[in-house]
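Student: Could you go through this structure with me? I would like to learn what the terms mean and how each one is decided.

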Amino acid sequence: MAPQGSAAVPAQSATAAHGTTAALLAGYLHAVGVRHLFCYPGESVIDFMEASRRRGIELVPAVREGTAAFMAQAAAMATGLPGVCLSTLGPGSTALLNGVASATLDRVPVLAVSGQIESSREQFFTHQVVDHGRMFAPAAKLALRLEPASADTVIRKALRTAVAERPGAVHLTVTADAWLVPPGAASAGPASAGPASAGPASADAALSGVSDAIIPPPLTAAAGSVDVHGDGDPLRVLRAARRPVILAGIAALRCAAGPELVSLAERAGLPVVVSPMAKGTFPEDHPYFAGVLDMAGHRVVWDLLAGADLILAAGFDPVELISPWSVTTPVLHLDTTPNTDQVYASAHELVGHVGAILRWITAQWSGQPRWAEAEVASHRARLRAAWQAGRAEGKLNPSDVVEIARQATPPDTIVTTDVGSHKIMAGQAWQAREPRSVLMTNGLSAMGFGVPAAIAAKLTRPDRPVLALVGDGGFAMTATEMRIAATLDLPVTVVVFTDNSLNRIELRQQLMGYPPTATRMGGTDLAALAEAMGCDGIRVDTPAALEKALADFGPRSQPSAGSRPLVIEARIAPAQYEAQF
Ligand SMILES: Cc1ncc(C[n+]2csc(CCOP(=O)(O)OP(=O)(O)O)c2C)c(N)n1
Ligand SMILES: [Mg+2]
């Protein structure tokens, strides 16, 4: 399928003539850098789809709305810009809900738009009508109606709210009759009809126009200032600490605070643990890297935090905790937001841009390095031994898959994961070197994220090789998205950790002494399934075969006409997962 929109539409300035509410929204999205609209069509949103196409935004049709929302989330994770998804009313918006909750709990800025029945029937009609305001309220940061009279303000409010710390999803409901009304008009009705219409005389002309005053709000993560909360010197505890450890999280990623983390770690000699979704913020080949929280080998990482005499929580978001916070180590809270979660106590809070806070602390530092590199290296060796525990010699173990994949892929590869035991393994064993190079969900942690995320990553970062590491359960939920990858000539590679099990849950049943119930799956010939959707498919069950299957990953990842996605059915021996419980 040829990309829709961009080639055929001449670029327009953000200050063109009057248009419609649809054109205004498309104009704002384009002005803030959005180039992909992940959608599933429906009658109530056709006018907006057309306005977006004319504005030069590519419409990417997902197989269902929930995956369109995951694509929008992953696009935002890969680029740092807001992601945008679109559904119709009723069955479309209910399906979108899961992805909206995902963006909110993963703290990723997403604008989710749904059509609604015309305003004249909205108050009483029942067919396909659900109350979006009530449905999206608990799952989104904000759920609003986009009405022509206040469209300009509401679009800015939606964008600013989505990106403001902590970021998340904002949902907009637009009645089908509102799209063609000029923004600012007091009531709904087509642009060509009614006294309110000040716009072009036809829908065709109106859809191409944009507002004369598109003023996007600032989209940066946080200001450069630092606020101090608490009495006395906030750094007294740090100066007194002999074994402090940094725990860096997703606000550090959003503030692009990697260089500041490296400076402080090196200057003060501090090990750095990162949260799963912050992987890459601190380079994992650095001598002070100390592992990923709550992934494979998690006890070793928690032991490090328990044995420390201070945890510098640098942009750490408790939404990423899988285990309860059980350590009694004192914590110094450094974040874009005050410590409103109170999962840990912190007498002082440094609130602002995480990079600016870390720079300030580094400038104040005058002590000796607290940890030697060799000490952190032996901690890493313990961690590695923990995640290798339970390996079955001569078999294809989950960690073999991760390590073989990492070796076969260029350093700048973007990897996505799904949710399950394979994520726990990949989250620790995949060595991340750059921010935004690992896309995983660890807030909502919804299965079905890995495949659509890989598609969105390749669309928005076509220069980067893209690999998805997914479980066979999560792949079954989203396998048909591979048809989209094939249609769009996207050379993504998907490795399916095939154990015929919802392993993470089956292991929990085992631990509780229950038999596996509803957690075993029959095998599917994934190679045949892949071929049926225009992809290549290979089955492997040894390390050597996997190495061979990934041997041409680099060249294969270059996009070109007729590029074929690849699905690798990796038949793993799951024994290693048991050792993680
Ligand atoms: C949408 C959704 N449903 C259910 C769950 C609960 N859950 C967490 S992990 C898991 C098993 C995943 O199985 P699979 O994709 O095969 O990965 P594996 O654990 O085998 O590596 C389940 C069912 C979830 N996280 N998301
Ligand atoms: Mg599985």
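Student: Why is serine 275 called buried?

Tutor: Its relative accessibility is 0%, and buried means under 20% relative accessible area, exposed over 50%, partly exposed in between, with a 1.4 Å probe and protein chains only. Serine 275 therefore counts as buried. Before we go on: this is a predicted model, where local features need pLDDT of at least 70, side-chain atom pairs count only at pLDDT 80 or more, and totals for chains, interfaces and linings use all residues. Residues are numbered from 1 along each chain as its sequence is written, chains are lettered from A and ligands numbered from 1 in the order in which they are written, and side-chain values use heavy atoms, with hydrogens and water left out.

Student: Where does serine 275 lie, and what is it in contact with?

Tutor: Serine 275 sits in the loop between strand E9 (272-274) and strand E10 (289-292). Helices (H or I, at least four residues) and strands (E, at least two) are DSSP runs, numbered from the N terminus. Contact means heavy atoms within 4.5 Å. Leaving aside neighbours within four places in sequence, serine 275 is in contact with Ala248, Gly249, Ile250, Val292, Phe316 and Glu320.

Student: What makes threonine 413 buried or exposed?

Tutor: Its relative accessible area is 1%, so threonine 413 is buried. You will find threonine 413 in the loop between helix H15 (398-408) and strand E14 (414-417). A polar atom of its side chain lies 2.6 Å from the backbone oxygen of proline 410. A polar contact is a pair of N or O atoms within 3.5 Å; within protein, one must be able to donate a hydrogen and the other to accept it, and residues adjacent in sequence count only if both atoms are side-chain atoms.

Student: Is alanine 256 buried or exposed, and how do you know?

Tutor: Alanine 256 has a relative accessible area of 55%, so it is exposed. Alanine 256 lies in the loop between helix H10 (250-254) and helix H11 (258-268). Its phi is near 50°, a positive value in a residue other than glycine.

Student: What is worth noting about such a phi?

Tutor: Most residues other than glycine have a negative phi, and most peptide bonds are trans. Arginine 107 also has a positive phi, of about 60°, although it is not a glycine. At 15% relative accessibility, arginine 107 counts as buried. As for peptide bonds, a cis one joins glutamate 165 and arginine 166, with omega about -25°.

Student: Why is helix H17 described as largely enclosed?

Tutor: In helix H17 (residues 450-460), 11 of the 11 residues are buried, so the helix is largely enclosed by the rest of the structure. For H16, nine of the nine residues are buried, so H16 is largely enclosed by the rest of the structure too.

Student: Which residues come nearest to ligand 1?

Tutor: A residue is near a molecule or strand if one of its heavy atoms lies within 4 Å of it. Of the 17 residues around ligand 1, Ser421, His422, Asp472, Gly473 and Gly474 come nearest. Helix H16 (421-429), helix H18 (472-478) and helix H20 (503-511) each supply at least two residues of this shell.

Student: How do you know that ligand 1 has polar contacts with the backbone?

Tutor: An oxygen atom of ligand 1 is 2.8 Å from a polar backbone atom of glycine 473, and a 2.8 Å distance is also found to a polar backbone atom of glycine 474. For a backbone N or O atom of asparagine 503, the distance to an oxygen atom of the ligand is 3.0 Å. These values fall within the 3.5 Å cut-off.
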